[in-house]
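Subject: Structure for you to look at

Hello,

Here is the structure I said I would pass on. Please open it first and then read the notes below it.

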Amino acid sequence: MTQIIDLSVHQEHIPVGIRRNLCLNTGKEQYTFYFDLVDCFDIPEPQVLDGFVYGIIFLAMQIRQPLRVHGALSRSAIFNLTEYQSVWACWLPERYKIVEIIPDAIIELSNPNPDRAIAAFSGGIDSTFTAIRHSKRLLGPASYPLDTVLLVHGFDVPLSKEDSFIKLCQRIRPLIDELGLEFKVIRTNLKEASGQNWEDSHGAQLAASLHNFSHAFRYALIGSTDPYNYMCYPWGSSPITDHLLSGDQMRIVHDGAAYSRTDKLAVIAFFPTALKTLKVCWEGPDPEHNCGRCEKCLRTLLNFFALDIDHPPCFDNALKLENIYTIQIRNQTQFYELESIYQHLERREPTEKVLKTKFALDAILKSYKAKQLADEFGQLNRLTQDIKDIAPAFRSKRNTLFKILAQIDTPWLFHEGFKEYIKLKLKHYLKPYPNA
Ligand SMILES: [Zn+2]
């Protein structure tokens, strides 16, 4: 008999507001995830459980069991959940499988909510840009009617770091007040207790938090990460998937993807308070400050430098040229971001500092590319070695095999052959693996 995951939600009053418990029973394990809606004392029980399902959908897709929802889902959430899962099963089929969602009822809701928008807010560049451009109505009638921002405790700041969270609130509050926005806080153990891959699931977990306010807001904004012209995926929040986290009551909007981080800072730079409150660093030792040394801080300093802002007030010190060489690019998103900074610098007057910065950027970009190539060669080497060890006869059949493959997929074979050629050429220079 197929095991089923049971999902139910219970709401209760707690001293600081309202707690919503999301209970999951997989047959083998039981989980309870909570959402504390701080300083909210008068919130109705959720009419549909759309957001709670989004919150654990990656867990369900990993467990690979049908999900029974003890409550209703909205009509559009049912459509979206199927498509959302399809995207992830297509991107990462070994990690995620589409599961059947079985709600008690499917309700068609004509959106009864007032024309209001809430935005996820962390104090970083993306969410600050979104908060500014909609609250200041920079898009005219196309601005969303933003009047509230939501900060989640348990995502960027761990639940155990209560002091850090209070300091973050104090830091960002002047901007929120200046923009005339209401400030809401949710505390949740969802990220910490569910164990869902954060890079994959952060958009869904953020949407789950926002859906707790789906009784009052028609729109929920999530600031974009990658711009349309430099998109990386799979990634947990993108224009491809975020809109699929919507339900009948609340539409999730992925906001700002036509802008790079430098473009966003060019807008933020007109708001002096925002330049002071920006908080981009989650690695530094002091939670109150941007450390100025980690990859994200250095990348942000470079974003500012591309705009000819040498020492932004959210940092204690200006960008030091030698620190650029310490940047360790960890993924394609960071690579694209630094590459776009380089392109911005090409449009600046070529002063000595601009030229030296470009030189340093070029060096770390090339070093990342070289590492990627080395990894690829390493994999090829290991593969070749495996084949040699396991089936020596296979190598003698190689030419026959290549002839067959050439008939099936010539471009692929050409690509593989070219890699092999480059590998042989570089064999004497790159020896990072024992088999090389
Ligand atoms: Zn930092």
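Helix α3 (residues 125–135) packs against helix α7 (residues 261–268) at an angle of about 45°, and their axes are 9 Å apart. That angle makes α3 oblique to α7. Roughly parallel means angles under 35 degrees, roughly antiparallel means over 145, roughly perpendicular means 65 to 115, and the rest are oblique. Axes are lines fitted to C-alpha atoms, for helices over the stretch in contact, and angles run from 0 to 180 degrees between N-to-C directions. Helices (H or I, at least four residues) and strands (E, at least two) are DSSP runs, numbered from the N terminus.

Before going on, note that this is a predicted model, in which local features need pLDDT of at least 70 and side-chain atom pairs count only at pLDDT 80 or more, while totals for chains, interfaces and linings use all residues. Residues are numbered from 1 along each chain as its sequence is written.

α3 and α7 cross in a left-handed way. A crossing is left-handed if the near helix is turned anticlockwise from the far one by less than a right angle, and right-handed if clockwise. On the α3 side the residues that meet α7 are I125, D126, T128, F129, I132 and R133, and on the α7 side they are R261, K264, L265, V267 and I268. Two residues are in contact if their C-beta atoms, placed from the backbone, lie within 7 Å. Sorted by class, the contact of α3 with α7 has six nonpolar, one polar and four charged residues. Here Ala, Val, Leu, Ile, Met, Phe, Trp, Tyr, Cys and Pro count as nonpolar, Asp, Glu, Lys and Arg as charged, and the others, Gly among them, as polar.

α7 also meets helix α9 (residues 295–306): their axes come within 9 Å and cross at roughly 65°. The crossing of α7 and α9 is right-handed. R261, T262 and L265 of α7 make the contact with N303, F304 and A306 of α9. The contact of α7 with α9 has three nonpolar, two polar and one charged residues.

**α1 and α2**

Helix α2 (residues 75–91) and α1 have axes that come within 11 Å and cross at roughly 25°. α1 is therefore roughly parallel to α2. α1 passes α2 in a right-handed crossing. D50, V53, I57 and M61 of α1 touch A77, L81, Y84, Q85 and W88 of α2. By class, the contact of α1 with α2 divides into seven nonpolar, one polar and one charged.

I63 lies in helix α1 (residues 50–63). I63 is partly exposed, because 19 other C-beta atoms lie within 10 Å. A residue is buried if 20 or more other C-beta atoms lie within 10 Å of its own, exposed if 12 or fewer, and partly exposed in between, with C-beta atoms placed from the backbone. Leaving out residues up to four places away in sequence, I63 touches I5 and T26. I63 and T26 are 37 residues apart in sequence, and their C-alpha atoms are 8.3 Å apart in space.

**α6**

The 14 residues of helix α6 (residues 198–211) should span 20 Å at 1.5 Å a residue, and the end C-alpha atoms are 19 Å apart, which agrees. The expected span is 1.5 Å times one less than the number of residues. α6 is mostly covered, with eleven of its 14 residues buried. Among them are D200, G203, L206 and H211.

**Backbone points to check**

Most residues other than glycine have a negative phi, and most peptide bonds are trans. R137 is not glycine, yet its phi is positive, near 55°. R137 sits in the loop between α3 and β7 (146–153), and counts as partly exposed because it has 13 C-beta neighbours inside 10 Å. D308, also a residue other than glycine, has a positive phi near 70°. D308 is in the loop between α9 and α10 (321–324), and is exposed, with 12 other C-beta atoms within 10 Å.

The peptide bond from Y233 to P234 is cis, with omega near 10°. P234 is in the loop between β9 (219–223) and β10 (251–255).

**The whole chain**

The protein chain has 15 helices and ten strands. Of its 436 residues, 37% are buried. Among contacts between residues at least 6 apart in sequence, 73% join residues at least 24 apart.

Regards
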